[in-house]
Amino acid sequence: MYVGALELDLLLGEVGSIKQKRSVVRHVVAELKRKYAVSVAEAGHLDLHRRALIGVAAVAADPEHVTDVLDHCERLVASHPEFQLLSARTRWLGPHDD
């Protein structure tokens, strides 16, 4: 079993409040879940209205499949014009980890 976790740090554009931020983030979280069947959550920068940290996790028997899914997720988020992807970081857990 392989687990990949992707951390996406975003800068939101025309967002003036936490309420507007939640709307934008909720939309992209739902889109990722629907398209790629991954676990997704807003995981950081909760008190900042122009920043968001989204966590994505995927599990599979094949590490290449996890890599493909997380790459697709990163590209989808990067393609959204309403925010800028500042950084993407991937972490792994595999059969040789204790």
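Start by selecting Ala37, which sits in the loop between H1 and strand S2 (39–44). Helices (H or I, at least four residues) and strands (E, at least two) are DSSP runs, numbered from the N terminus. This is a predicted model, in which local features need pLDDT of at least 70, side-chain atom pairs count only at pLDDT 80 or more, and totals for chains, interfaces and linings use all residues. Residues are numbered from 1 along each chain as its sequence is written, and side-chain values use heavy atoms, with hydrogens and water left out.

**Stop 1**

The scale is relative accessible area: buried is under 20%, exposed is over 50%, and partly exposed is in between (1.4 Å probe, protein chains only). Now check the backbone. Phi of Ala37 is near 50 degrees, a positive value in a residue other than glycine. Most residues other than glycine have a negative phi.

Next, select His45, in the loop between S2 and S3. His45 also has a positive phi, about 55 degrees, although it is not a glycine. With a relative accessible area of 25%, His45 is partly exposed.

**Stop 2: helix H2**

Select residues 63–78. These 16 residues form helix H2. The expected span of a helix is 1.5 Å times one less than its number of residues. For H2 that gives 22 Å, and the end C-alpha atoms are 22 Å apart, so the two agree.

Go to the N-terminal end of H2. Asp62 caps it, with a side-chain oxygen 3.2 Å from the backbone nitrogen of Glu64.

Which residues of H2 are buried? Color Val66, Val69, Leu70, Cys73, Leu76 and Val77. They cover an arc of only 120 degrees around the axis, which puts them on the same side of H2. The arc is that of the directions from the helix axis to the C-beta atoms. An α-helix has 3.6 residues a turn, so residues three or four places apart point the same way.

Now show what they pack against: strand S1 (2–12), helix H1 (18–36), strand S3 (51–60) and strand S4 (83–93).

**Stop 3: H1 against H2**

Show both helices. H1 and H2 pack at an angle of about 145 degrees, with their axes 11 Å apart. Axes are lines fitted to C-alpha atoms, for helices over the stretch in contact, and angles run from 0 to 180 degrees between N-to-C directions. From H1, the contact uses Val28, Glu31, Leu32, Lys35 and Tyr36. From H2, it uses Val69, His72, Cys73, Leu76 and Val77. Contact means heavy atoms within 4.5 Å.

**Stop 4**

Select Glu31 in helix H1. Is Glu31 buried or exposed? Glu31 is buried, with a relative accessible area of 11%. Not counting residues up to four places away in sequence, Glu31 touches Leu76 and His80.

Move to His80, in the loop between H2 and S4. At 10% relative accessibility, His80 counts as buried. Leaving aside neighbours within four places in sequence, His80 is in contact with His27, Val28 and Glu31.

**Stop 5: Leu85**

Finish in strand S4, at Leu85. Leu85 is partly exposed, with a relative accessible area of 22%. Its contacts, leaving aside neighbours within four places in sequence, are Leu8, Asp9, Leu10, Glu74 and Ala78. Then draw a distance from Leu85 to Tyr36. They are 49 residues apart in sequence and 19 Å apart in space, C-alpha to C-alpha.

Key
Polar contact = N/O pair within 3.5 Å; in protein donor to acceptor, adjacent residues only side chain to side chain.
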